[in-house]
Amino acid sequence: MSNKGNQKIINKEFNPLILSEILRRHWIAPILFISFFVTAAFFYLRYTKPVYESEGIIQIVEEDKVGEVFGAEAFGKRKEEDLSKYIELLKSELLLKKAVENLDYDASIFSEGKLLTEDLYKNPFISIKIDSIIDSSLVETPIDINIENNQQDSKLVLTYNKGGKLKTFKTSLNKRLQTKGFSLTIIANNINGIKKITEKNRLYFVINDKTKLVQYLSKTLTVSPVDPEAKTIKIVCQHNNPILACDFSKSIMDVFFIYEEEISKKQNDQIISFVNNQLDSLSKELRDSKDKLAKFQKEANLMDPSEKSKDIFERISKTEATKINKEESLLALFQFKLKTKDTLDRLEIFKLKPQIPDINLMSEITFFLELLEQKEVQKSKITDENAEAKILSRKIDFKLKTIKKTIDGLEIKLKDELNIINEKLEKLKEEYYKLPETAMRYQDLKYIEQLNNKYFSLFTEKKIEYVLSNAGYSSANRILKKPVVSSTPITPQRGMIYTVSFVFGLILGVSYLLFKYVSFNDIVGPNDLINMLPEKANYLGAVPFYKKKMKYSQIVVTDSSKSRLAEAIRSIRSNMSFVDKNAQVYAISSSVSGEGKTFVALNLAGMLAVGGKKSIVVDLDLRKPKVHHGFNEENISGMSNILSGNEKIENVIRKSHLENLDFITAGPIPPNPSELILSKEFKATLETLKKKYDVIMIDNPPVGIVSDGISVLASADIPIYVFKSNYSKRLFVHRVQELFEVQKINSLNIVLNGIQTRKSFYGYGYGYGYGYGYGYGYGYGYGYGYGSSGYGSGYYSEEEEEKPFIIRILIKIKSIWKSKKQK
């Protein structure tokens, strides 16, 4: 049974008695958990730097004014810029340096407390203007600011450590301080603001290293696209100082617009300058070619060559143009084969696609590019070992082989066509060379003149196109959302943290109650015990918890006849008469030590003795005797002496302080208690006692630990089994079932000891009853007496009435208040 007593149980069904007991014992747990986590949240918020966010949104817009006037295709379609180019520019170190230089942030001022340090950027009480830095080693060196005294015209004292030596300088507000290391001015409206800071915290500043400052602020910056289609970009800065976060975001946007304008203007000037130079050179060559043609015509007296030479010349020009096209096609095929030889770069293949001469081949390459794109998308989802990946790879390999075969066929075809074109061109040249020399010379000069004229017209057209295009394309980058100074931090979020801490504390508190409910293993009260008892067990009643402290069990039932304890014992005595009115031997046991069997035995025997029954209490718990403590006697000789044959029964019987009540102590602890209890001597002793006494109350050993007392319980007229409220484990009830089923005990009577009595609306109430026969309960309730709102002064003695805790506190406060008032 001892092993069973240590077992754990799990309460799977709902039991309102257990729930009420858990709430009574541990109702404070959720409050404590919530208080702990809310307090932790408070200190976290108190000593965590808030982070503020400032957000701005810009839109990249390019407006084509010329296209609106001359048509969208008048000078060709302008290439749209990729949004990632602008994002990288906004995050670049180049732009960040310009943005930092644009800020008034030469020096950082800090207010250092015990736990937190605050950045005082643009604080209304103080700012610092750095005029010059002479000693670069002072950069990033903390320089403390203190007030010389508390007067209105006090000077400021600057101190810093350099090379192990403390340097000190004095200055006044808004006046320039010149030292060997630096020149600066501390700006403030008055000294009171600085005084407020220095009274509680350390006030100091550092001269910023711009490179480190750029690295530091870059970590606070986030640049991301909002909508690529709308070309919108979000610029976010997060910092502990909301003004710095806002100013830095604005500075980034301002510098970006200025930089874009400068770069665009510079590029335009360079291109127009290049075009002008080319036009100057072509203009000169065109004039020379025209002069040479006019001079030749004048000298040769040749106004116009023959139509034949003109026809041949045009055919040669067309044939050469065709040859160039074929050669370009061959080059495109060669480049495609070269690009697909070692790697399949989709971007490079896409660039070569427009140069492919054959329509069918172009469609094949388009499908091939789609397969490559599928492969790139697939890599982010599955591995190359996946079946789908392998199938797609085979498709790509097959399509590539098909394209290469097609290219090989086209190469052969183009080479054959080139051979034919070359033969045709040779024939035309032979025919051309047979023309008169003057006609040939004329055609040469005419060709040069036309060529120069063509290039001059082309550059002039491009210049006009570019000038108009760039004049029409105005950068309309605009600010859609301006950064503002935030008054609410993004982290930590006070409301969310308090809510989470409250909910988390509540969950833990409820979980704790649930754990206590599930693992609850105590017997709560009479109703709880009755619900668990087997049907054959008889419930005699409950004994109230005795609130006065005592080291060992004593007979207290006779102290006050009006006590709740006395009434409870009388109730149990009455219920025992229903079980067996002629009973003589009572054996009291329990599951484990500490459940109060000795207390019940002593007080039940005392009540029977007071009622006129000649009674004796026998301590049969030979391993852990306690009865002698109840009578304040020594345990010199007793049952162990009788059962071992060393002493006669007449010599060990002792008189108690109550009339009609004797007792026999356990005696010295023997080495063989089980054998003595089960011996014939015990039965003989019991028969002797029956002849002398009306009631024999046996304090049995706990049958949940040892089995010595089971035979005594079985042979007793009224065997009593004691449980203790909020002490005995629910598993102990199984022992009762075992006594019926295994030990074959026919009858067992249950007493619940140590119940907590609570004051009801009308007074103190508790119930007693007994079960008889087949578990049908014949209950007799006792709850006499009324409280202050009832009638009379109460059935029970006043000294045992205990008022609720809150009432006692209020009474105590009232008595203290009255005593002070009287004084």
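Among contacts in the protein chain between residues at least 6 apart in sequence, what share joins residues at least 24 apart? The share is 76%, where contact means heavy atoms within 4.5 Å.

Before going on, a note on what you are looking at. This is a predicted model, in which local features need pLDDT of at least 70, side-chain atom pairs count only at pLDDT 80 or more, and totals for chains, interfaces and linings use all residues. Residues are numbered from 1 along each chain as its sequence is written, and side-chain values use heavy atoms, with hydrogens and water left out.

Now the overall counts. The protein chain has 823 residues, and 42% of them are buried. Buried means under 20% relative accessible area, exposed means over 50%, and partly exposed is in between, with a 1.4 Å probe and protein chains only. The chain contains 26 helices and 26 strands. Those are DSSP runs numbered from the N terminus: H or I of at least four residues for helices, E of at least two for strands. The accessible surface comes to about 47,300 Å², and carbon and sulfur atoms account for 53% of that. Accessible areas come from the Shrake-Rupley method with a 1.4 Å probe, and for residues only the protein chains shown count as cover.

Which residues of α15 are buried? They are Ile497, Ser501, Gly505, Gly509, Leu513 and Tyr517. As background, an α-helix has 3.6 residues a turn, so residues three or four places apart point the same way. The buried residues of α15 pack against α2 (16-26) and α3 (28-46).

There is also a nonpolar surface patch of about 400 Å², made by Phe502, Val503, Leu506, Ile507 and Val510. Patches take residues with over 30% relative accessible area and no salt bridge; like charges are joined within 9 Å, and nonpolar side chains (Val, Leu, Ile, Met, Phe, Trp, Tyr) within 5 Å.

Next, salt bridges. The structure holds 23 of them, each being a side-chain nitrogen of Lys or Arg within 4 Å of a carboxyl oxygen of Asp or Glu.

One of them joins Lys210 and Asp106, with the closest N and O atoms 3.3 Å apart. Lys210 is in helix α8 (residues 210-218) and Asp106 is in the loop between α6 (93-102) and β3 (107-112), so this pair ties together parts 104 residues apart in sequence. Both ends are partly exposed: Lys210 at 31% and Asp106 at 28%.

Another joins Arg730 and Asp528, whose closest N and O atoms are 2.5 Å apart. Arg730 lies in the loop between β22 and α25, while Asp528 lies in helix α16 (residues 526-532), 202 residues away. Are these two buried or exposed? Arg730 is buried at 8%, and Asp528 is buried at 2%.

The loop that carries Arg730 also carries Ser728, between β22 (718-724) and α25 (733-741). Ser728 has 0% relative accessibility and counts as buried. Its side chain makes a polar contact of 2.2 Å with that of Glu595. A polar contact is a pair of N or O atoms within 3.5 Å; within protein, one must be able to donate a hydrogen and the other to accept it, and residues adjacent in sequence count only if both atoms are side-chain atoms. Leaving aside neighbours within four places in sequence, Ser728 is in contact with Asn521, Asp522, Ile523, Glu595 and Phe723. Asp522 is also part of a salt-bridge network with Glu21, Arg24, Arg25 and Lys729.

Last, the surroundings of Pro702. Pro702 is in the loop between β21 (695-699) and α24 (710-715), and is buried at 7%. Not counting residues up to four places away in sequence, Pro702 touches Ser589, Ser590, Ser591, Val592, Ser593, Lys597 and Asp621. The side chains of Lys597 and Asp621 themselves meet in a salt bridge of 3.4 Å, N to O. Asp621 is buried at 7%, and Lys597 at 6%.
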